[in-house]
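The following note sets out points for a colleague who wishes to read this model alongside its sequence.

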Amino acid sequence: MKALVAVKRVVDYNVKVRVKSDGTGVDIANVKMSMNPFDEIAVEEATRLKEKGVVSEIVAVSCGVAQCQETLRTAMAIGADRAILVETDAELQPLAVAKLLKAVVDKEQPQLIILGKQAIDDDCNQTGQMLAALLDRPQGTFASKVEVVDGAVVVTREVDGGLETVKLQLPAIVTTDLRLNEPRYVTLPNIMKAKKKPLEVLKPADLGVDVSPRLKTLKVAEPPKRSAGVKVPDVATLVSKLKNEAKVI
Ligand code: AMP
């Protein structure tokens, strides 16, 4: 069974991003970039399924600038067998990515398609759902457990009230939540091996996809600064402040 995993290059989660002075977006010049953490979980899950003998081949796909090749090499160092970069300098919104991924899925015909639940840069949480709709295939989002059984995938989902388990006929789309697994540490020998794995580069036009943005960002602003806190000497003062000053109790 072939698995396809979507990996996005995003600002590293340790970086404190700055909003551009003109409010048009976030400044990513000279900022450390890494694989979206939920996508690392997706690659790890596909790799574990391969190690169990459930998956036979893992294809990692990224859409974006040429430097996404680094992200794809990381995916291959974790366990992907080969990679596809859909290269473009254009700003990609979730619908455009979903259309590109659909075109790659049509070409590659994977049974299991794994994405992150959300990209930590745009926080959209849309691409997996849009891809499922475009492919007209079932989806199991926010997965905390994934099991493949007899042509289906059983996905345990993290929902507000607890856990929900759904069974999806393959091919299906799964999006990963934080508790699905802990991605392995990428070792140097595997980084070296990943350099030799195949990486195909396509353009959106090769896939017949128009990636022009459909949404316009009006403004990006920093969150309001938090005012400094105060230390209280004892519980009685705290209770009094909460009652009389904050008026929350
Ligand atoms: P989003 O809907 O933007 O929050 O992204 C959800 C998931 O879609 C990510 O975790 C990735 O798995 C996938 N994805 C989004 N953008 C891209 C991209 N440019 N290239 C590859 N995968 C992407």
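Two strands are said to pair if DSSP finds at least two bridges between them. Helices (H or I, at least four residues) and strands (E, at least two) are DSSP runs, numbered from the N terminus.

1. Basis of the note. This is a predicted model, in which local features need pLDDT of at least 70 and side-chain atom pairs count only at pLDDT 80 or more, while totals for chains, interfaces and linings use all residues. Residues are numbered from 1 along each chain as its sequence is written, and side-chain values use heavy atoms, with hydrogens and water left out.

2. The sheet. Nine strands make up an open sheet of mixed pairing, ordered β11-β10-β9-β12-β8-β1-β6-β7-β13. Its edges are β11 (162-169) and β13 (199-202), each of which pairs on one side only. From one strand to the next the twist averages 30°. Angles run from 0 to 180 degrees between N-to-C directions, and axes are lines fitted to C-alpha atoms, for helices over the stretch in contact.

3. Parallel pairs involving β12. Five bridges join β8 (residues 112-116) to β12 (residues 172-176) in the parallel sense; in that pairing, Ile113 has Ile173 of β12 as its bridge partner. Strand β9 (residues 139-149) is also parallel to β12, over three bridges, and Gly140 is partnered there by Val174 of β12.

4. The β9-β10 hairpin. Strands β9 and β10 (residues 152-159) run antiparallel and are joined by six bridges. The bridge partner of Lys145 is Thr156 in β10. Two residues lie between the strands of this hairpin, where Asp150 takes a positive phi near 40°.

5. A helix across the sheet. Helix α3 (residues 94-108) lies across β1 (2-6), β6 (57-64), β7 (82-87), β8 and β13, and runs at about 150° to β6. Contact here means heavy atoms within 4.5 Å.

6. The ligand shell. The ligand is surrounded by 18 residues, of which Asp39, Cys63, Ala119, Asn125 and Thr127 are the closest. A residue is counted as near if one of its heavy atoms lies within 4 Å. By class, eight of the shell residues are nonpolar, seven polar and three charged. In this scheme Ala, Val, Leu, Ile, Met, Phe, Trp, Tyr, Cys and Pro are nonpolar, Asp, Glu, Lys and Arg are charged, and the others, Gly among them, are polar.

7. Backbone contacts and cover. Which residues bring a polar backbone atom to an oxygen atom of the ligand? They include Ala119 at 2.7 Å, Gln126 at 2.8 Å and Ala6 at 3.0 Å; a polar contact is a pair of N or O atoms within 3.5 Å. The protein covers 98% of the 480 Å² of accessible area (Shrake-Rupley method, 1.4 Å probe) that the ligand has on its own. The elements giving two or more residues to the shell are β6 and β8, and β6 gives the most, with three residues.

8. Backbone points to inspect. Most residues other than glycine have a negative phi, and most peptide bonds are trans. Leu170 and Pro171 are joined by a cis peptide bond, with omega about -5°; Pro171 is found in the loop between β11 and β12. Asp136 has a positive phi near 55° and is placed in the loop between α4 (127-135) and β9.

Definitions and conventions:
A polar contact is a pair of N or O atoms within 3.5 Å; within protein, one must be able to donate a hydrogen and the other to accept it, and residues adjacent in sequence count only if both atoms are side-chain atoms.
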